[in-house]
2 protein chains.
Amino acid sequence: MKRSKLSTEAYIDGVLSGDRILLSRAITLCESHRPEDVSQAEALLMAIMPHTGKAVRIGITGVPGVGKSTFIESFGGLVTQKGKKLAVLTIDPSSQKTKGSILGDKTRMEELARNPNAFIRPSASGSALGGVSSKTRSVMLLCEAAGFDVIFIETVGVGQSETLVHGMVDFFLLLMLAGAGDELQGIKKGIMEMADAVVINKADGPNQAVAKRAKVDYQNALHLFPMDESGWLPKVKLCSALEKTGLEDVWEVIQEQQEQVKQSGYFQLNRQRQQVNWLKENVNELLETAFYQNSEIQSVLNDVIEKVEKGELPAMNAANLLMKKFSDQN
Amino acid sequence: MKRSKLSTEAYIDGVLSGDRILLSRAITLCESHRPEDVSQAEALLMAIMPHTGKAVRIGITGVPGVGKSTFIESFGGLVTQKGKKLAVLTIDPSSQKTKGSILGDKTRMEELARNPNAFIRPSASGSALGGVSSKTRSVMLLCEAAGFDVIFIETVGVGQSETLVHGMVDFFLLLMLAGAGDELQGIKKGIMEMADAVVINKADGPNQAVAKRAKVDYQNALHLFPMDESGWLPKVKLCSALEKTGLEDVWEVIQEQQEQVKQSGYFQLNRQRQQVNWLKENVNELLETAFYQNSEIQSVLNDVIEKVEKGELPAMNAANLLMKKFSDQN
């Protein structure tokens, strides 16, 4: 069943008034690749721009098994109890399963899904060639314009999405477990150093002693790292999402960091840089899409990659060859 | 004074016979952007491909002041004493000063410059829009074909070049100082986690005690990090490049890691992936160069960036607008 098309005015009014159904439809519009949708989405984004930027943008990452869903449920519950309106955007580009699977995320976070001050939305990854970043940023802006005060962007922590998410948030939280290190296997290298806070989950029952020790170890380790340009020293916190303990601490840390970076001017600087990077990423995405979806390129790409992999063809030659094919066509 | 042009055959023979002067000229050819040079460089690379891949490729990074030049002098000296032929490629994309400044690097590493088994070559960054990566890889291949057994790729450790260098080497070495952490200020976040070895330099005289302590601290910290896919656990070593101590240890660690990854099959896998990534990076570079050097784009780019920075224009809209200008022209 196809829904009737909405006017751009209807979208704008709907989003700005915080209408959930119209916000959801506006998000779908912004995720669409159909040319008429893209230009309507552009008009919508342009109109809402003055109403964006006011939320605290928090990236949350961690490998499967760390308890991300429960953490977001509990921590999200706390955030709404503080009178904040919360939007939760989830990204999992490694899995096609979640594509549009709103029901999946709502089952995963049952309490939050019923919470009138929370809004949960999975990010459709759109195309295999990226698109995660630009679409999610647009969704974030829509949620801000719709009056959400806090935005969680959840990512799975094992692929490329964490770096993208780190580039679009004000605070980056790494969720971990205390243990022998097995749970670290899946975390991408470099992520730990990007975290503004490492939160050790499941610090409950018999786990508490190990968790406390891990906290000290991580705190010591993070002191050895290069200081963030913001001047913020990453904090390590313990929590039990299940028992709802330690969550106030996590909220405090975010407040503290936000105060510090706003006072130092880093907050504004970072937001401006992120905007410009977003432009560059978008340009790259558009260029790559045009290139890799070109039929001439597609007809030879696998063959070329194989030769490069085997060392039969230097990568530079291969790139020049592909580029010539592409330019000849345009 | 313009030198006479060489035939592709002359370049191939010169490189394969290990002739220094012809190798230098072949490198200049590969760094050139002139279309006739590019196609001659392609023919040259194609011809030498079967003779590449045999060197140990070592990335060396660290902020200014850490003693990189002295380390490369001393460690490079050790490598040549072991009967190895060493090529040192230096990259500093943050500075335009080193562009072609061979003399600068040779003064910086006087002993190595006089060493008949060493070859020092700075990488001309070529264009402001990257090019570091693709050019340096080509130079690396030329050096391998010319019979060099060990290649150092030196980078300054504060920009984007470390990630690029990490993506083209077999072993990534981070040079550090023991101290209050001031020397860490400039290191880009995430670099520490990428290191296969952290080498603490200037572990001499009264510094020794602090250095030993730092070694333990870093070793503990690195244990808390996600294990590398290769299965290699990063090592921390002490050295004094000035007093030429600890350098054997560093060489040992590289040997140990190489043995391990060759046995596990990771070495080959990593090399293959690097080749394919190199292709993709080259394609991106070519696409970006075509885009950002387009006169229509250049005429509006600054204005568009300013509007995006100020939040007046959504980045998605800006990207679509630029892309339309670009496509209309092609």
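Copies are superposed by least squares on the C-alpha atoms of residues with pLDDT of at least 70 in both. In this predicted model, a rotation of 180° with 0.0 Å of shift along its axis places chain B on chain A, at an RMSD of 0.0 Å. That is the relation of a two-fold axis. The C-alpha of B:Gly190 is the one in chain B nearest the axis, at 1.9 Å.

**Interface extent**
- Chain B contributes 58 residues to the contact, and chain A contributes 58 residues.
- The copies meet through the same surface, because 100% of the interface residues of chain B are also interface residues in chain A.
- About 5,600 Å² is buried between chain B and chain A, and carbon and sulfur atoms give 70% of that area.
- On the chain B side, B:Lys189, B:Leu224 and B:Met316 lose the most area to chain A, together 13% of what that side buries.

**Interface make-up**
- Eleven residue pairs are in polar contact across the interface of chain B and chain A, whereas the count of salt bridges is zero.
- Elements giving two or more residues to the chain B side include α3 (35–48), α10 (208–223) and α14 (315–329).
- Helix α12(B) gives the most to that side, with 15 residues.
- By class, the chain B side has 37 nonpolar, eleven polar and ten charged residues.

**B:Asn282**
- B:Asn282 sits in helix α12 of chain B, which spans residues 266–292.
- Its relative accessibility is 4%, so B:Asn282 counts as buried, the cut-off being under 20%.
- Leaving aside residues up to four places away in sequence, B:Asn282 touches A:Ala315, A:Met316, A:Ala319 and B:Ser134.
- B:Lys237 is 45 residues from B:Asn282 along the chain, and their C-alpha atoms are separated by 35 Å.

Definitions and conventions:
Residues are numbered from 1 along each chain as its sequence is written. Chains are lettered from A and ligands numbered from 1 in the order in which they are written. This is a predicted model: local features need pLDDT of at least 70, side-chain atom pairs count only at pLDDT 80 or more; totals for chains, interfaces and linings use all residues. Side-chain values use heavy atoms; hydrogens and water are left out. Helices (H or I, at least four residues) and strands (E, at least two) are DSSP runs, numbered from the N terminus. Buried means under 20% relative accessible area, exposed over 50%, partly exposed in between (1.4 Å probe, protein chains only). Contact means heavy atoms within 4.5 Å. Buried area is the accessible area (1.4 Å probe) that two parts lose on being put together, summed over both. A salt bridge is a side-chain nitrogen of Lys or Arg within 4 Å of a carboxyl oxygen of Asp or Glu. A polar contact is a pair of N or O atoms within 3.5 Å; within protein, one must be able to donate a hydrogen and the other to accept it, and residues adjacent in sequence count only if both atoms are side-chain atoms. Ala, Val, Leu, Ile, Met, Phe, Trp, Tyr, Cys and Pro count as nonpolar, Asp, Glu, Lys and Arg as charged, and the others, Gly among them, as polar.
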